[in-house]
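User: Please walk me through this model. I want each label set against its cut-off.

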Amino acid sequence: MDIAFSSTVELAAAIAKRKISAVEALDAHLAQIDAHNHAVNAVISLDREGARERAKKADAAQARGAAPGPLHGVPFTLKDMHETSGIRTTVGFPPFADHVAEQDSPVVIRLKAAGGVLMAKTNVAAMLSDWQSNNPLFGRTNNPWNLQRTAGGSSGGAAAAICLGMTPFDVGTDMQDSIRLPAAFCGVYGLKPTEHRVSLAGAFPDPGGAARSVRLMSCLGPLARSVQDLALIYQISPALMEATPILLRCRSRICRSSTLGHCASPSRRPFPAFRWPATSAPRSKTSQGSCNRPVPSLRRQNCRNSICTTIWSRAAR
């Protein structure tokens with residue numbers, strides 16, 4: 001078994017069957033970090049000793065007969081934007097160089113509760129704002145296939161680390177291809193979930209109440225070695241448990257319209273229903289997976305604002 005290049009599902013199964021230990025799984029990935037990270041600069045803020053202690057505890061719990069979680073003993077990394085207690089979270093921005101959160105974000109809590117062993121953070125674009133992963137604190141992440149090329153961004157460190165066997169999975173963010181582009185550039189798998197399927201709490205910086213269009217919005221999602229891995233991490237990730245209203249307002253002086261969407265159960269209904277001024281009676285046709293409400297016919301109200309236009313063009317499909 002090639003531990004460093006095994007999938008998350010394979011590692012979890014091997015540890016559960018005691019074919020390998022959590023410490024062995026950790027050591028295999030640390031060896032890859034030691035061998036290759038100097039060239040690609042993907043892994044940052046490595047908590048080597050803390051990870052080893054957590055792996056030993058995972059092995060001890062298994063020896064006592066404790067019921068293993070779905071990630072029991074599996075090492076992993078996180079994009080440098082998740083708040084983590086004991087490991088700094090910088091988003092590659094100098095004013096946050098020494099920022100250490102007081103507590104883990106919900107995503108981190110869920111992954112640890114499932115038995116995962118957090119090793120380190122992975123490099124990002126400064127403030128997650130570029131299609132490459134380069135910042136003043138840690139420098140540039142290079143593509144594992146060609147060091148002269150970019151690994152993509154802003155989750156480039158995550159994708160490069162998975163590609164080189166430094167970690168079996170990571171959790172990134174995606175607003176405009178920040179998971180999907182690095183995954184494609186590095187030859188791994190990535191998923192941008194539907195908005196509100198995974199909690200953004202503890203994402204740093206949190207988008208908060210900023211206006212967001214129907215599709216161009218920040219989402220937390222996994223990067224991994226296989227589709228099965230993506231499904232496993234996605235199922236473990238925390239969903240929003242409360243109804244989440246979304247208010248999107250066009251700021252153009254021409255158009256004063258707004259659209260309000262409300263999904264009563266985001267954990268089961270991925271697409272919020274959006275209202276827009278109708279030119280005719282609402283249509284009765286609905287799409288599977290929506291909030292099961294009539295979709296009115298749409299019009300742009302003579303507005304060229306980019307947010308307004310995006311909402312119209314996407315929702316009209």
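Analyst: Start with a term: a polar contact is a pair of N or O atoms within 3.5 Å; within protein, one must be able to donate a hydrogen and the other to accept it, and residues adjacent in sequence count only if both atoms are side-chain atoms. The model is predicted: local features need pLDDT of at least 70, side-chain atom pairs count only at pLDDT 80 or more, and totals for chains, interfaces and linings use all residues. Residues are numbered from 1 along each chain as its sequence is written, and side-chain values use heavy atoms, with hydrogens and water left out.

User: What does the side chain of Asn142 reach at 2.9 Å?

Analyst: The backbone oxygen of Ala39. That value lies within the 3.5 Å limit. The Asn142 side chain also makes a polar contact with the side chain of Arg140, at 3.0 Å.

User: Why does Asn142 count as buried?

Analyst: Buried means under 20% relative accessible area (exposed is over 50%, partly exposed in between; 1.4 Å probe, protein chains only). Asn142 has 15%, so it counts as buried. Asn142 sits in strand β6, residues 142-143 (strands are DSSP runs of E, at least two residues; helices are runs of H or I, at least four; both are numbered from the N terminus).

User: Why is the pair of Phe76 and Phe169 called stacked?

Analyst: Rings of Phe, Tyr and Trp (its six-membered ring) pair if their centres lie within 6.5 Å; planes under 30 degrees apart count as stacked, over 60 as edge-to-face and the rest as tilted. The structure holds 2 aromatic pairs. In this one, the centres are 5.1 Å apart and the planes make 10°, hence stacked. Phe76 in strand β2 and Phe169 in strand β8 are 93 residues apart, so the pair links distant parts of the chain. Phe76 is buried at 0% relative accessible area. Phe169 is buried too, at 0%.

User: Which residues touch the most other members of the largest nonpolar core?

Analyst: Ile20, Leu71, Leu78, Leu111 and Phe169, out of 34 residues. Elements that each supply at least two residues of this core include α1 (8-16), α4 (106-113) and β8 (169-174). A nonpolar core is a set of buried Ala, Val, Leu, Ile, Met, Phe, Trp, Tyr and Cys residues joined through side-chain atoms within 4.5 Å. A second, separate core of 28 residues includes Val43 and Cys186.

User: What puts the buried residues of α4 on the same side?

Analyst: Those residues are Val107, Val108 and Leu111. They cover an arc of only 95° around the axis, which puts them on the same side of α4. The arc is that of the directions from the helix axis to the C-beta atoms.
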